[in-house]
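I'm opening my notebook on a new protein today. I want to write down what I looked up, one topic at a time.

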Amino acid sequence: MRVKLTVAYDGTAYHGWQVQPNGITIEEVLNKELTEFFEQDIKVLGASRTDSGVHSLGNVAIFDVDSCMEPTRISYALNTRLPKDIVVVDSCKVDDDWHPHFVDSLKTYKYRILNTTFEDPIRRLYTYHYHYDLDIEAMLRAAKYFEGTHDFRSFCSVKAQVNTFTRTLKEVSVNRQDDEIVVKCTGDGFLYNMVRIIVGTLIKVGEGNIKPEEIEGIIEAKDRACAGPTAPPCGLTLVKIDYI
């Protein structure tokens, strides 16, 4: 049977989602624990390959297993084996041909900027501390230029290997919540480092170094050098993936 997992994790101690030779990853831990539990060689396939240090409240993964175990109970069994910074919040059976990469979906990310004079040690792993004042209204005006279907080449790491740079963003918003500025991005897909580059560019707008109306030209330039820096990974969380 094919099982779908919804996985939450603190990405601080991991080198991202995907298995790689230079450090432990979320995928590697799940593969190990599932293989040992079911006594079968199991490889999960994730919907989103989050980067090193990025967190998740709802990444999705699938795996195939020969078992009579009730799929909804797998999450309970797996959570007794997983480290405390990885939790399977749901498990269920899906059709044998269901694949997270080939189903229309919307992914929602949130980036948290701690906008205070001094860093908060409690939130240092989950926010990006930025102590200068930021113009929230200007950032919000700039954010609206990202919405819609665009070639986001200017907001993609040069390391990316993709067939197309075109993505559709349904919502890009900027809100202040007490001493945090939260940037929310919802879209049908994201390029490598795309959300973090959008945030880095919005911070430049908040500083007054980029005007909100200049975002349109940066998008049209299709040149990574025209956009702002890549914001650190610690502030980014994959909130959820909605299949539509």
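Below are my entries, in the order I made them.

**Ground rules**

I'm working with a predicted model, so I kept to local features with pLDDT of at least 70 and side-chain atom pairs at pLDDT 80 or more, while totals for chains, interfaces and linings use all residues. Residues are numbered from 1 along each chain as its sequence is written, and side-chain values use heavy atoms, with hydrogens and water left out.

**Entry 1: the largest pocket**

I started with the open space. A pocket here is an open set of points on a 1 Å grid over the protein atoms alone, where a 1.4 Å probe fits, with protein on both sides within 12 Å along at least five of seven lines; lining residues have an atom within 4 Å of a point. The largest pocket holds about 1100 Å³, a volume being the space filled by probe spheres set on the points, which are joined across faces, edges and corners.

I found 33 residues in its lining, and those nearest the centre are Ser 48, Arg 49, Phe 190, Leu 191 and Tyr 192. Strand S5 (105-114) and helix H4 (194-207) each give at least two lining residues. H4 has the largest share, with three residues. (Helices, H or I with at least four residues, and strands, E with at least two, are DSSP runs numbered from the N terminus.)

What is the lining made of: how many nonpolar, polar and charged residues? I got 13 nonpolar, 13 polar and seven charged.

**Entry 2: the nonpolar cores**

Next I went inside. In soluble globular proteins, nonpolar side chains tend to be buried together. A nonpolar core is a set of buried Ala, Val, Leu, Ile, Met, Phe, Trp, Tyr and Cys residues joined through side-chain atoms within 4.5 Å. Buried means under 20% relative accessible area, exposed over 50%, and partly exposed in between, using a 1.4 Å probe and protein chains only.

The largest core has 47 residues, and Phe 146, Phe 155 and Leu 202 touch the most other members. Among the elements giving two or more residues to this core are S5, helix H3 (136-143), strand S8 (166-177), strand S9 (180-187) and H4. H4 gives the largest share of this core, eight residues. Apart from it I found another core of 21 residues, including Val 3, Tyr 9, Val 29 and Ile 74.

I then picked Phe 146 and listed its contacts (heavy atoms within 4.5 Å). Beyond neighbours within four places in sequence, Phe 146 meets Phe 152, Phe 155, Leu 169, Val 172, Ile 198, Leu 202, Ile 215 and Ile 219.

Ala 142 sits in helix H3 and is buried, because its relative accessible area is 0%. Its contacts, again leaving out neighbours within four places, are Leu 202, Val 205, Pro 212 and Ile 215.

**Entry 3: His 55**

A polar side-chain atom of His 55 lies 2.9 Å from the backbone nitrogen of Gly 11. The side chain of His 55 also reaches the backbone oxygen of Cys 234, at 3.2 Å.

Asp 188 is in the loop between S9 and H4. Its relative accessibility is 40%, so Asp 188 counts as partly exposed. Its C-alpha is 4.6 Å from that of Leu 106, 82 residues away along the chain. The side chain of Asp 188 reaches the backbone nitrogen of Thr 168 at 3.0 Å.

Most residues other than glycine have a negative phi. I noted two with a positive value. Asp 178 has phi near 60 degrees, lies in the loop between S8 and S9, and is exposed at 73%. Asn 193 has phi of about 70 degrees, lies in the loop between S9 and H4, and is buried at 13%.

Notes:
Nonpolar A, V, L, I, M, F, W, Y, C, P; charged D, E, K, R; others polar. Polar contact = N/O pair within 3.5 Å; in protein donor to acceptor, adjacent residues only side chain to side chain.
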